[in-house]
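Subject: Structure handover

Hi,

Here is the structure for your files. My notes on helix packing, sheets and backbone details follow below it.

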Amino acid sequence: MPDRPAGPRMQRSRTQLMSAYAPGSYFTFEGGLAACRTVAVSVRRANIAPHIERLVRDRIEEISRSWLERAMSVRPGNDDRQVLPGMCLDGRLLDDAGQVRGDIGSVFELVVADRVGYVPDPLTLVCSQCGLVRWFRSAYELHQSLRALQTCRCRSDSSRFCDWQQLHVMFIHWSGGVEAAKPMRNQWYADRGTVAWPRPCTCGSQEFCLDRSSSQIGNWYFRCAACGIPNTDRWIQQDKATLEMLREQIHEGRLAETRMEATSYRASVVHYSQGDRILAFKDGSLLERLARNRVDDLRFFVADRLGMPAEEMDLDVIESTMQSYPEESQRLDTYLNRVRLAETLEDGEIKEEMLKAASDILEIWEEKGYLTPGVQLTPAIDQWIDRRHFLPSKYDSFRLLVEHQALVNETINAGPGPSGKRPFVPFENPDSDIEHTEFEGGIESYYNRLGISRMGLIRKFDLCYFTFGYSRMSASPALPNRHGMTMPVRLNLFSQVNVGDVQASPVYALTQGNEAIYVQLDERIVHEWLIRIQCEESSALSTDSVATTLLSNVFEFSQYLDNLPIRTEQRRPMVHLAVYSLLHTYAHHLIQTVTEFAGLDAGSLGEYIFPADLAFVVFRSGMTMDLGNISAMWRNNGRAFLDHLLSPISLDCGLGTLCTERGGACPDCLMIPEISCIAQNRLLSRSVLNGNGKPEEDGYNDWIEGYLSVAADRIAPGER
């Protein structure tokens, strides 16, 4: 029997264990009598499709690189307080040069989120009567000291025993460090490293009481239990990990960077789970075009999607290329014979049949990836395809173009499944599950007024959710206004655990399919709206489609949207930002309307945006415990739902005219919890829909016309 028995396990749902109870988080039992910290324990591998697992690993690498880049840049280049890579990322993510390691995928294992343990923490106890303090390094040490605690006499009344309570305050740091409150301080000594010990009082006593007479946690302090003199170390603590990284630089005025903050373990800043979600397609073949070694395939896809002609391949090039594949030698001879024979034929019908037979062979080679036909893309689109790997995945319009096509293939245009039900049900052509009879004159009149070309229910919108680490103090890489500077926030991985026969950092992954609403806007109305608001690329829109113009003029979003342009007198709005703002605002407007009729909280809904396709998806997240559903909402309140989308009141702000006239967004109107928003509640403005005011971001200098007004102008007066 082991000396130290294993700790208990959490009894929570998988979705809760991935988020609120992920390793490193703090929680209390009912009544708040005891606080505990969750810890990673041995788990089993998740049964995730290989192409989805590859996407998860790629996304973690992308998040890590973006986090490092942003955290390293929190101070200007001439600042002598240099940010070190270890202050930004967990050491397991870094190589010897301080960069994100090239084999980052080998660090992780995708696991099932069904086993998370917990231990009591923080381990500082204080007597509720006399304030006497005891602290412990582990739960095991606390267990060994229970007898001594139970027999400890209270200093305020020696006839009573101390009434011990867990101290709810601890010290946290943006590096991820956590320290229980105790009368000792971590310090760096060149000859001994980091040392922490309680300094005895001048009277020789090593026992301390906590003075909690102040209502402010920051003003609490330790005092000697014998003579009552305040502890010279005061109520402060220094982060051990940061001390060990800065070392001798501590004496160069960087001590403030190590200073931890006193916080209740109940505060939200104590733990932010880090992860993301990706579309989980059953067939990953289309997404393979996004690989770095298949740039030509992506070019061909984009050209085909935009209707740009493919260049005819030279016969000599085809022959020399296919000679590299010996297994195709017989088919190559057949192809060459057919092409050359067709050149000698005079009968047009027979010649056409011969060329068609040769073309069939060419298509086989293209499908196998042996040949990639050339395409005539615009130079701007060509350049963006070459550097698209600098774009964050969720804002990469080329990736989203491919993902949307995969969604169309698997869901939107797919036929009925084995159950006989369609995966996508247009609202204008419902089935028995969402059938309604309350639309007079057809639902198309609503589509026209909303500027929508296609709208319907997705029965199963598959997403893979994953979490792989956490941060403290901030959910993003930078924490401003701390001791007169911006601090880099560290992204920490979960502790390594046994996964099968290997030790690895766990990535808790879960694939879920939930109901969603798919919306695609009318390109003709979007095109006219962009011209009316006088976008910078209005001249290009006179000849090109919205998708072509957008992909030729991509705005390079940063991962954390900290590079968005602000309003200036010299600029006009950009097509990419205007389209994204329109789709993003429309998605939030739809989310708020769903919450009105479906009994779902805004935090239980999510969004996915496809800019070049002028489409978005609002989905119900299975990560929450809400009982409502979207199909029932439409079946019972379909007409009221669309009426609310068009209602002027729904497009106004409940806080008054200030927010409305500025054309912005606030928590009372368009904003939703940031954990649900794909763009951190940025690029939102009711102005793009109702025309009141002007958006704060991008180059809007005058009030603009709303998208719904443009849609209304295209409708005959008698149909409005």
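V526, W529 and L530 in helix 13 meet V575, A578, V579 and L582 in helix 16. Contact here means heavy atoms within 4.5 Å. Helices (H or I, at least four residues) and strands (E, at least two) are DSSP runs, numbered from the N terminus. The contact of helix 13 with helix 16 divides into seven nonpolar residues, no polar and no charged. Ala, Val, Leu, Ile, Met, Phe, Trp, Tyr, Cys and Pro count as nonpolar; Asp, Glu, Lys and Arg count as charged; the others, Gly among them, count as polar.

This is a predicted model, in which local features need pLDDT of at least 70 and side-chain atom pairs count only at pLDDT 80 or more, while totals for chains, interfaces and linings use all residues. Residues are numbered from 1 along each chain as its sequence is written, and side-chain values use heavy atoms, with hydrogens and water left out.

**Helix packing**

Two packed helices are described by the angle between their axes and the distance between the axes. Helix 13 covers residues 523-532 and helix 16 covers residues 575-598. They pack at an angle of about 125°, with their axes 11 Å apart. That makes helix 13 oblique to helix 16. Axes are lines fitted to C-alpha atoms, for helices over the stretch in contact, and angles run from 0 to 180 degrees between N-to-C directions. On the naming: under 35 degrees is roughly parallel, over 145 roughly antiparallel, 65 to 115 roughly perpendicular, and the rest oblique. Helix 13 passes helix 16 in a right-handed crossing. A crossing is right-handed if the near helix is turned clockwise from the far one by less than a right angle, and left-handed if anticlockwise.

The next pair is helix 6 (residues 295-306) and helix 10 (residues 379-386). Their axes come within 11 Å and cross at roughly 140°. Helix 6 and helix 10 are therefore oblique to each other. Helix 6 passes helix 10 in a right-handed crossing. On the helix 6 side, V295, L298, R299, V302 and L306 make the contact. Helix 10 contributes I381, D382, I385 and D386. The residues of this contact divide into six nonpolar, no polar and three charged.

Two strands pair if DSSP finds at least two bridges between them.

Strand 8 (residues 169-172) pairs with strand 14 in the antiparallel sense over four bridges. V169 has S264 in strand 14 as its bridge partner. M170 stands opposite T263 in strand 14. Three bridges join strand 8 to strand 9, again antiparallel. There, I172 has V178 as its bridge partner. The hairpin of strand 8 and strand 9 has five residues between the strands, and G176 takes a positive phi near 100° in this hairpin.

Are the two faces of strand 8 buried or exposed? V169 and F171 on one side and M170 and I172 on the other are all buried. Buried means under 20% relative accessible area, exposed over 50%, and partly exposed in between (1.4 Å probe, protein chains only).

Another open sheet has three strands in the order 6-5-7, with antiparallel pairing. Strand 6 (133-135) and strand 7 (164-166) stand at the edges with a single partner strand each, so one side of each is left without a neighbour in the sheet. Neighbouring strands are turned by 30° against each other on average, direction ignored. Strand 5 (residues 124-127) and strand 6 pair over three bridges. L125 has R134 in strand 6 as its bridge partner.

Strand 12 (residues 208-211) points F208 and L210 one way and C209 and D211 the other, and all are buried. Four bridges join strand 12 to strand 13 (residues 221-224), running antiparallel. L210 stands opposite F222 in strand 13.

**Backbone details**

- The D121 to P122 peptide bond is cis, with omega near 5°. P122 lies in the loop between strand 4 (116-120) and strand 5.
- L614 is a residue other than glycine with a positive phi, near 55°. L614 sits in the loop between strand 23 (605-610) and strand 24 (615-620). L614 is buried, at 4% relative accessible area.
- Q680, also not a glycine, has a positive phi near 55°. Q680 lies in the loop between helix 18 (657-662) and helix 19 (687-690). At 24% relative accessibility, Q680 counts as partly exposed.

Best regards
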